[in-house]
Amino acid sequence: MKNTILHKANERGHADHGWLNAYHSFSFANWYNPDKVQFGVLRVLNDDTVAGGMGFGAHPHDNMEIITIPLEGDLAHKDSMGNTETIKFGDVQVMSAGTGIRHSEFNPNADKRTKLLQIWLFPNKQNVEPRYQQITLDVNDRQNKLQQILSPNPEDAGVWIHQDAWFHLGKFEKGLTENYTIKREGNGVYAFVISGSVTINGQTLETRDALGVWDTEKLEITSTSDAEILLMDVPME
């Protein structure tokens, strides 16, 4: 298909540090692929597994919208804004790094792993005042439909960020079809399959595969097994 890019799960960057097993959809840290630097304003999609009791020490960020979605287990967060929180499955956390923040993240449970997606988007405003937001979603609201988890609007469902982006999570039984309409002209969608298999506009995707689609108005998503999917609707420039 034209105006699409297929990213297979086994083509992602991979770093196994023992305590951290990380897969990178886009160039990150020591892994660089000139064909996988970003998708529009989507700069980072890291698929991380953190061993029990381990984590990331305090480190800085600025001028980036950082979204964390736990898939399994817990993640303890501490930052220079004074936030001390634990993020659990069903939660979504966002930090607008803006003029600069420092934060640490670790797995507070010694006896079980934590799995998470961490996503970075370039903001549409530079040097904003840093902010933190965390919400708990009803995961039943994504059963056989798309649940909005992020938007540009503080009054809308989900967290909000400084960017014209919308994220949705859906968990579908086998054989269902869902249509998704792009939220903003000029946006594209990066669809990431968390589990199972789907077809999107006829393209088959398996677990942890991703498909970027742009210059289109709609996506047709069919689950070819029980499946969970994350849609990231983002500006392309």
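In the predicted model, strand 6 (65-72) and strand 9 (91-96) each contribute at least two residues to the lining of the largest cavity. Strand 6 provides the largest share of this lining, with three residues. The volume of the largest cavity is about 60 Å³, and a search of the whole structure returns one cavity of 30 Å³ or more. The residues that line the largest cavity are Ile69, Pro70, Leu71, Phe89, Gly90, Asp91, Val92, Leu137, Arg142, Leu169, Ile194 and Glu228. By class, this lining comprises eight nonpolar residues, one polar residue and three charged residues.

Two residues of the cavity lining, Pro70 and Leu71, are also among the residues touched by Lys115. Lys115 belongs to strand 11 (residues 114-121). Its relative accessible area is 18%, and Lys115 is therefore classed as buried, the cut-off for this class being under 20%. When residues up to four places away in sequence are set aside, Lys115 touches Asp48, Thr49, Pro70, Leu71, Glu72 and Arg208. With one of these residues, Thr49, the contact is polar and joins the two side chains at 3.1 Å. Asp48 lies 67 residues from Lys115 along the chain, yet the C-alpha atoms of Asp48 and Lys115 are separated by 5.7 Å.

Strand 11 also takes part in the lining of the largest pocket. Strand 2 (13-16), strand 3 (20-24), strand 4 (42-50), strand 5 (55-61) and strand 11 each supply at least two residues of that lining. The largest pocket has a volume of about 280 Å³ and is lined by 19 residues. Leu20, His24, Phe28, Asn46 and Phe56 are the lining residues that lie nearest the centre of the pocket. In terms of residue class, nine of the lining residues are nonpolar, eight are polar and two are charged.

The UniProt record, an unreviewed entry, assigns the feature "domain: Pirin N-terminal" to residues 11-121. In the model, this span is 58% strand and 0% helix.

Definitions and conventions:
Residues numbered from 1 in each chain as written. Predicted model: local features only at pLDDT ≥ 70, side-chain atom pairs only at ≥ 80, totals over all residues. Heavy atoms only, no water. Helix = DSSP H or I, 4+ residues; strand = E, 2+ residues; numbered from the N terminus. Buried < 20%, exposed > 50% of the residue type's maximum accessible area, 1.4 Å probe, protein only. Contact = heavy atoms within 4.5 Å. Polar contact = N/O pair within 3.5 Å; in protein donor to acceptor, adjacent residues only side chain to side chain. UniProt positions renumbered as here; feature names shortened; annotations may be inferred. 1 Å grid on protein atoms, 1.4 Å probe; cavity = no way out; pocket = protein on both sides within 12 Å on 5 of 7 lines; lining within 4 Å. Points joined across faces, edges and corners; volume = space filled by probe spheres on them. Nonpolar A, V, L, I, M, F, W, Y, C, P; charged D, E, K, R; others polar.
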